Every structure is written in structure tokens, then in C-alpha cells.
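Biologist: Could we go through this one together, with me asking how you back up each label?

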Amino acid sequence: MASQKTVLLLIVLVGVAFAARQGSNLRPKGRGNLNQNQLVGGWTSADQNDGTVQQLAQFAARQICSNYVVDAVEKAETRVVAGKNYRMDIRVSKAWKCTVEVFTQTWTKTQKLTSFACQSVL
């Protein structure tokens, strides 16, 4: 009877060890651990010189006013939703600082300015 309990205990321990090992493989590779203050689905810093960020900044500026030209992207962030949101602080036509949000969804080819707020810098 003791040997059956020992075998059963051994099987349970191996199962737990296997499950723990499989669970550790579910962590995304190359991303490390999440910062304690970083929320899943929250805003993440993005490179303001990235080509997509630059293109979306130009798109947003043209949606606000067709004459606007982006002078600089000062800050960029992204958030994964049912697509991707981009939030950017941009300098426009040497006279405005705007905070814009653009929603993109590649599989539907959607690109939409969802919000903006501009203030004069003159």
C-alpha cells in the first residue's frame, strides 16, 4: 500500500512540475517582465522617428487642416486594442502644438483620426 501511495505522489509531483514548466513557456519571448506600473492594454512609448508614427502624424495633421505640415513628433505612444491606437504630441506648421489620436486596423485598412486638441505656440 505504501508503494502505491509513493507512486501516486510521484506522479502528482511530476505533473505539477510539468504544468509549472509549461506555464513558464507562455511568457512572451523578448519582452521581459512587465513593469509593475505598466498595464496590459495600456499605453506604451513608441519611437517618434518610426516611419509609421511619422506617416500617421502627417495623416492626422491633414485631417485637422489640409494645409498643416508636421514639423516634429515630440512624443508617441501606442496601445493595442481591436487594432492599434497611436497617441502623439506633434508640432504643426510652426504655429501649433497638437495632441492627436489615430486608430488603425490593418486587416480592414482602417485609419481614423479619433481625437485632437491643438493650442497655439505663438
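Predicted model: local features only at pLDDT ≥ 70, side-chain atom pairs only at ≥ 80, totals over all residues.

Biologist: What makes the pairing of glutamate 74 and arginine 91 a salt bridge?

Modeller: The N to O distance between their side chains is 2.5 Å, and the cut-off is 4 Å, so the pair qualifies. Glutamate 74 sits in strand S2 and arginine 91 in strand S3, so this pair ties together parts 17 residues apart in sequence.

Biologist: And why is glutamate 74 called partly exposed?

Modeller: Glutamate 74 has 33% relative accessibility. Buried would need under 20% and exposed over 50%, so partly exposed is the label for glutamate 74.

Biologist: How do you know that glutamate 74 and lysine 97 form a salt bridge?

Modeller: Here the N to O distance is 3.8 Å. That is still within 4 Å, so the pair counts. It links distant parts of the chain, with glutamate 74 in strand S2 and lysine 97 in strand S4, 23 residues apart. Lysine 97, at 28% relative accessible area, is partly exposed too.

Biologist: What about arginine 87 and glutamate 77: what makes that a salt bridge?

Modeller: Their closest N and O atoms are 2.9 Å apart, against a cut-off of 4 Å. Arginine 87 is in strand S3 and glutamate 77 in strand S2, so parts 10 residues apart in sequence are tied together.

Biologist: Is each of those two partners buried or partly exposed?

Modeller: Glutamate 77 has 14% relative accessibility, so it counts as buried, the limit being under 20%. Arginine 87, at 25%, counts as partly exposed. As for networks, salt bridges with shared partners join Glu74, Arg91 and Lys97 into one. The total is three salt bridges.

Biologist: Why is glutamine 105 called buried?

Modeller: Glutamine 105, in strand S4, has 14% relative accessibility, so it counts as buried; the limit is under 20%. Its side chain also makes a polar contact of 2.7 Å with that of threonine 108, where the cut-off is 3.5 Å.

Biologist: Which residues touch the most other members of the largest nonpolar core?

Modeller: Val73, Met88, Ile90, Val100 and Val102, out of 18 residues. Helix H2 and strands S2, S3 and S4 each supply at least two residues, and H2 gives the most, with six.

Key. Residues numbered from 1 in each chain as written. Heavy atoms only, no water. Core = buried A, V, L, I, M, F, W, Y, C linked by side-chain atoms within 4.5 Å. Buried < 20%, exposed > 50% of the residue type's maximum accessible area, 1.4 Å probe, protein only. Helix = DSSP H or I, 4+ residues; strand = E, 2+ residues; numbered from the N terminus. Polar contact = N/O pair within 3.5 Å; in protein donor to acceptor, adjacent residues only side chain to side chain.
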